[in-house]
Amino acid sequence: GHIKPFLEVDSTSFNSEYNGLKFYLPYHGLLVNKNTIEEFKQCDKKDIIKIMGNILEDDIRSGRAIQTPTLLNSFLILLFGDLKKYNFYYWFAFPALSSIKPIFTKTYSAAELYSDDKLDNLCKQYLDLDIANKAYFLIECKETLKVLQLNSKITMNTVALDTNDIENTIFAFSDSTSQPYPGWQLRSLILLLLYHCPWLHGKILKFLSFRLTRKGSELKCTKSIVWEVKMACIEKTDIFSDKNSLWIGFEVNERDKMGPRLAKMKDSMSPLSLAEASVDLNLKLMKWRLLPDINLEKLKAMKCLLLGAGTLGCAVARNLLAWGVRTITFIDNGTVSYSNPVRQNLFTFEDCVSNKQKATAAAENLLKIFPGVTTRGYNFTIPMPGHPVGESLLAQTEESFENLIKLIAEHDIVFLLMDSRESRWLPTLVCASLRKVVINAALGFDTYLIMRHGVNTNTNIEISPNVATHFKCIPGNKLGCYFCNDITAPGDSFKERTLDQQCTVTRPGVSNIAAALAVELAISVVQHEKGPLASAFYTTKFEQDIGRENECNLGIVPHSIRGFLSMFNHVLPATERYSQCIACSDTVVKLYEERKFEFLLEVFQNSSYLEEITGLNKIYSNSGELEEMDFNEEDSS
């Protein structure tokens with residue numbers, strides 16, 4: 001039967017080079033997309049099809065359509081896509097001038113005029129043509145049927161066909177329809193001939209509607225039709241004049257009405273595929289309309305490790321999902337309690353009843369929100385300074401340490417979201433050693449601190465005292481960590497705590513604000529061209545512009561953000577890395593890298609060991625030698 005014709009527009013249609021299959025023919029089109037259904041309905045269809053008509057006109061006038069006949073195969077798609085419901089309204093148009101209408105005089109079946117042998121030979125010659133010349137070609141009718149390229153006889157403003165040639169020449173086009181009338185390609189071919197071959201005006205020409213059919217494994221052209229058409233008499237200058245330039249060609253829909261078609265894609269897509277496409281919709285719109293330079297693929301590839309699956313951990317995970325991050329791992333040692341679900345948005349009442357581990361429950365519920373995320377929860381305790389390790393816990397502590405190292409090494413960004421100072425020390429040290437990006441978040445009752453740790457790459461970037469007026473610039477490899485402003489080692493802050501001290505007591509909104517800022521800071525670091533080496537600034541005049549060269553496409557990349565909810569206020573301090581820091585100083589990192597777990601055991605047993613190796617204890621002894629001065633009212637007078 002007939003090879004069913006259809007015009008296919010897929011992802012490859014937007015390639016610069018045509019790479020279709022053997023029996024496909026290239027068509028050149030224009031996609032006009034509307035942002036709303038109202039725009040789609042109300043736009044002037046005549047003006048839209050005229051855009052494609054003008055392109056076709058230019059291809060004919062310039063002669064490009066003679067050299068590349070497939071340019072005559074032009075089309076347009078008017079489109080509106082409802083990306084929330086996955087309904088796509090589309091309307092195809094195949095431009096033709098309303099004033100140029102074929103005048104048919106006779107119609108023949110090709111099988112009536114030519115023998116099977118001649119038609120088989122014609123079919124073979126057609127299949128041997130290259131893709132560019134299959135759409136439109138000439139047939140020389142003498143003893144045999146000989147296929148010629150269109151530009152072998154038709155050239156710009158040159159008479160290449162005499163009277164005998166016209167009688168023995170058939171103008172052929174690959175017809176995309178199986179109907180008893182010719183396809184729209186005939187109008188495009190007639191338009192080309194009228195413009196470039198004025199000597200053909202008024203003459204009767206033969207056109208072959210070339211149609212392939214399949215019989216078993218064989219291709220035949222016996223269903224082709226020959227049309228005799230009387231060419232119009234029209235001045236060349238009038239062909240595309242304003243009075244004749246009404247372009248038509250919008251097709252009827254499946255109800256034979258002039259209107260668009262509707263493709264409902266929701267039912268044909270898997271729920272996971274729908275989710276994959278939908279969750280990134282906001283990001284794609286952001287990139288399209290506001291941030292064309294944002295690298296969404298980099299965000300998608302980010303691997304984030306969340307130390308802590310409590311109030312901060314849950315909120316950070318949700319915000320990372322919203323930014324398109326696809327790999328999120330949790331570490332926590334707690335179980336879901338009845339007080340958690342109202343504040344920690346990855347947990348439910350059922351998790352409390354089941355006494356689920358926080359890290360596991362967080363990962364499971366994150367998958368329920370979006371099945372396309374790669375997530376896992378690990379339940380173990382992070383060893384801490386000042387928390388002695390007994391003989392019975394030695395193996396378990398070492399295993400926890402090894403697991404922590406492995407997980408940090410496998411991830412790109414580490415979020416410190418724990419509820420004690422000492423639990424942040426070991427991850428800070430390991431990340432300093434492995435040169436990992438660290439985002440730290442800590443909460444008070446109505447205050448919060450968000451900080452990115454400096455990444456010491458040993459790159460020689462000096463601190464600049466005057467990047468701009470009132471500013472001091474600290475490059476990313478010189479920035480301090482969470483412990484750089486401390487002059488004491490962390491100890492056991494859990495000892496002898498009352499109930500109100502054991503719980504993190506904060507205003508309910510603080511954790512969500514801090515989590516959002518932590519994620520936004522991480523995203524800004526990733527988007528900055530220097531990454532974690534991005535400089536931070538501090539100044540007494542925050543309205544001063546630091547210069548676009550120091551920002552990423554999302555804005556500035558501060559070192560730390562200190563928020564005060566009681567004042568609804570933020571400050572953005574930046575501090576340098578402290579040479580005697582008990583977590584990221586060269587002395588501590590070097591001892592850790594040399595002695596590993598043996599060094600850590602000494603710290604776990606007695607955190608003051610850190611003060612000894614960094615020299616902080618000398619600061620205490622020196623301060624004790626200072627003379628205490630007493631100012632009384634009489635002295636000051």
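This is a predicted model: local features need pLDDT of at least 70, side-chain atom pairs count only at pLDDT 80 or more; totals for chains, interfaces and linings use all residues.
Trainee: Why is cysteine 221 in no disulfide?

Mentor: The nearest cysteine sulfur belongs to cysteine 123 and is 4.8 Å away. A disulfide needs a pair of cysteine sulfur atoms within 2.5 Å, so cysteine 221 is in none.

Trainee: Is cysteine 221 buried or exposed? And cysteine 552: buried or exposed?

Mentor: Cysteine 221 has 2% relative accessibility. Buried means under 20% relative accessible area, exposed over 50%, partly exposed in between (1.4 Å probe, protein chains only). Cysteine 221 therefore counts as buried. Cysteine 552, at 9%, is buried by that rule too.

Trainee: What makes arginine 64 and aspartate 58 a salt bridge?

Mentor: Their closest N and O atoms are 2.5 Å apart. The rule asks for a side-chain nitrogen of Lys or Arg within 4 Å of a carboxyl oxygen of Asp or Glu, so the pair qualifies. Arginine 64 also meets aspartate 59 in a salt bridge, at 3.1 Å from N to O.

Trainee: Which accessibility classes do arginine 64, aspartate 58 and aspartate 59 fall in?

Mentor: Arginine 64 has a relative accessible area of 38%, so it is partly exposed. Aspartate 58 is partly exposed because its value is 40%. Aspartate 59 has 9%, so it counts as buried.

Trainee: What links aspartate 586 to arginine 577?

Mentor: A salt bridge, with the closest N and O atoms 3.5 Å apart. Arginine 577 has 25% relative accessibility, so it counts as partly exposed.

Trainee: How many salt bridges does the rule give?

Mentor: The count comes to 16. Glu251, Glu254, Arg255 and Arg261 are linked in a network of them.

Trainee: Where do helix 16 and helix 21 touch?

Mentor: Helix 16 spans residues 394-410 and helix 21 spans residues 597-605. They pack at about 115 degrees, with axes 12 Å apart. Helix 16 contributes Leu394, Thr397, Glu398 and Phe401. Helix 21 contributes Phe597, Leu600, Leu601 and Phe604. Contact here means heavy atoms within 4.5 Å.

Trainee: What kinds of residues make that contact of helix 16 with helix 21?

Mentor: Six are nonpolar, one is polar and one is charged. Glu counts as charged.

Technical notes:
Residues are numbered from 1 along each chain as its sequence is written. Side-chain values use heavy atoms; hydrogens and water are left out. Axes are lines fitted to C-alpha atoms, for helices over the stretch in contact, and angles run from 0 to 180 degrees between N-to-C directions. Helices (H or I, at least four residues) and strands (E, at least two) are DSSP runs, numbered from the N terminus.
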